[in-house]
Amino acid sequence: MLTLKVSGMTCGGCINAVTRAIQSQDPQAKVEADLATQTVNLETSLSAAQAGQIITDAGFPVAN
Ligand SMILES: [Cu+2]
């Protein structure tokens, strides 16, 4: 499982956007986002770098 620090998520719509972005590249991915801690947990075949880029491109900057 990957855990990424993601900034800018404020509501369920943001979580949906992150989830859709990841699942567009890995339809089997499981995405759990926590607004309080601004973290996203992923079960995915994507690498951390790939997932980070996808989420950043969706408008939610991922901390390195
Ligand atoms: Cu939102």
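Two residues count as in contact, or touching, if their C-beta atoms, placed from the backbone, lie within 7 Å. Keep that in mind and select Val18: not counting residues up to four places away in sequence, Val18 touches Val6, Met9, Val31, Ala33, Val40, Ile55, Ala58 and Phe60.

A word on what you have open. This is a predicted model, in which local features need pLDDT of at least 70 and side-chain atom pairs count only at pLDDT 80 or more, while totals for chains, interfaces and linings use all residues. Numbering runs from 1 along each chain as its sequence is written.

**Zoom out**

Switch to cartoon view and you get two helices and three strands; here helices (H or I, at least four residues) and strands (E, at least two) are DSSP runs, numbered from the N terminus. Along the sequence, the pattern reads β-α-β-β-α. The radius of gyration, taken over C-alpha atoms, is 10 Å, close to the 11 Å that the globule rule (2.2 Å times the number of residues to the power 0.38) gives for 64 residues, so the protein is as compact as a globular protein of that length. Along the principal axes, the C-alpha atoms fill a box of roughly 25 × 25 × 20 Å.

**The sheet**

Now pick out the strands. They form an open sheet in the order β1-β3-β2, with antiparallel pairing; two strands pair if DSSP finds at least two bridges between them. β1 (2–5) and β2 stand at the edges with a single partner strand each, so one side of each has no neighbour in the sheet. The twist from one strand to the next averages 20°. Angles in this tour run from 0 to 180 degrees between N-to-C directions, with axes as lines fitted to C-alpha atoms, for helices over the stretch in contact.

Click on Leu2 next, and you'll find Leu42 of β3 opposite. Four bridges join β1 to β3.

**The helices**

Show α1: this helix packs on the sheet, touching β2 and β3, and its direction makes about 155° with that of β2. Then show α2, which lies across β1 and β3 and runs at about 40° to β1.

Which residues of α2 are buried? Select Ala51, Gly52, Ile54 and Ile55. Buried means that 20 or more other C-beta atoms lie within 10 Å of a residue's own; exposed means 12 or fewer, and partly exposed is in between, with C-beta atoms placed from the backbone. Look down the axis of α2: its buried residues fall within an arc of 165° (by the directions from the helix axis to the C-beta atoms), so they line one face of the helix. Their cover includes β1, α1 and β3. On the face turned away from the buried side, look for the exposed Ala49 and Asp57. Just past the end of α2, Gly59 has a positive phi of about 110°.

**The core**

Next, select Leu4, Val6, Val18, Val40 and Ile55, which have the most contacts inside the largest nonpolar core, a group of 14 residues. Such a core is a set of buried Ala, Val, Leu, Ile, Met, Phe, Trp, Tyr and Cys residues joined through C-beta atoms within 7 Å. At least two core residues come from each of α1 (12–25), β2 (30–34), β3 (39–43) and α2 (48–57). α2 gives the most, with three.

**Last stop**

Finish at Asp34 in strand β2. Is Asp34 buried or partly exposed? Partly exposed, with 13 other C-beta atoms within 10 Å.
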